Amino acid sequence: MSDTLPAVVALGDVDSGIVAPILERHARFIADPSEEDMAGAVGAIVRAHVTVDKEMLARMPHLKVLARTGVGTERVDVAEATRRGIPVVITPGSNTHAVAEGALAHLLALTKALPQLTALVREDSWAQRATITVGDLAGGTLAVLGYGRIGRQVAKLAQAFGMSVVAYDPYVSQADVPLAATVAEALAEATHISIHLPGTPETRGLISRETVASLTPGTILVNLARGEVVDLDALLWGLESGHLGGVGLDVFDDEPPAHHPLFDHPQVVLSPHVMGLTTQSTAETFRQAAQGIADVLAGKTPEHIAAP
């Protein structure tokens, strides 16, 4: 019977063991589709690195629904999909805890100087341990830039470590922590910064050399949102001048990024945009994507659809 059902295809690596049972009453799932499979597909689950532009949509003329794992739709032509009557399902909240934990992991690694201390032990330089400053989260102030689901969860975790939290988000008017009216106000007293802003023309280059120069010396900054929000040259200058005490990056303007001198600095922690891709969060985003497609194929309105 499954052979008579319409097809839902994967665009990128998708776990069929998770999505196929959710779709089985409505469609058969094809994890490695051919061009013919795509031409007949009524639905597609799209991973973050896959571009779905006008040309890609034209290759799937029978498409009724598209599900993007995660919430970022920079690589999906949502306007064109909407014009074709194709809702773009997104999966907000599926990686909230994973990314928030990742932010705390970066903050802790830098505050506790783990990269330098690891190198010290590895290089048999135990006697130099007093030259490395090991800091604390407790008693510090975390500025959370972007106070959506992830930003709020980061705040909760930071408070559990004894930090004070101030947030900045131009689209939030009420919060469970003090809200700053401007980025400058949020950063004024910060010892640590965690960025969770979307990538927009307004946020591109937000963390500039001018911004870094205004920080309290030794401030630790991590970005697990969008790479274009920070200027890598400014961050390197901040580390070399002492305005920054550490930088953690999980996201980059271009991915994979071209090598930058910042990457070689000992007070930098890097990860290849994987903090949101834990075992639990990946499974949840697949479940939500498959459920959104199943809802559309059943004539229901999915819970979360990207706006064009």
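Predicted model: local features only at pLDDT ≥ 70, side-chain atom pairs only at ≥ 80, totals over all residues.
View 1. Leaving aside its neighbours within four places in sequence, His260 is in contact with Leu232, Asp233 and Leu236. This histidine belongs to the loop that runs between strand 10 and strand 11 (268-270). Its relative accessible area is 13%, and because the limit for the buried class is under 20%, His260 counts as buried. A polar atom of the His260 side chain lies 2.9 Å from the backbone nitrogen of Leu262.

**View 2. Leu262 and the largest nonpolar core.** When residues up to four places away in sequence are not counted, Leu262 touches Leu232, Leu235, Leu236, Leu239, Leu249 and Val268. Leu262 is also listed, together with Leu145, Ile193, Ile195, Ile207, Leu235 and Leu244, among the residues with the most contacts inside the largest nonpolar core, which has 30 residues. At least two residues of this core come from each of several elements, including strand 6 (141-145), strand 8 (192-195), helix 10 (232-241) and strand 10 (244-249). Helix 10 gives the most, with four residues.

**View 3. Strand 8 and its two pairing partners.** Strand 8 pairs in the parallel sense with strand 6 over four bridges, and its pairing with strand 9 (residues 219-223) is likewise parallel, over four bridges. Ala143 has Ile193 of strand 8 as its bridge partner, while His192 stands opposite Ile220 in strand 9. From strand 8, His192 and Ser194 point one way whereas Ile193 and Ile195 point the other way, and all of these are buried.

Terms used. Residues numbered from 1 in each chain as written. Heavy atoms only, no water. Core = buried A, V, L, I, M, F, W, Y, C linked by side-chain atoms within 4.5 Å. Buried < 20%, exposed > 50% of the residue type's maximum accessible area, 1.4 Å probe, protein only. Contact = heavy atoms within 4.5 Å. Polar contact = N/O pair within 3.5 Å; in protein donor to acceptor, adjacent residues only side chain to side chain. Pairing = 2+ DSSP bridges.
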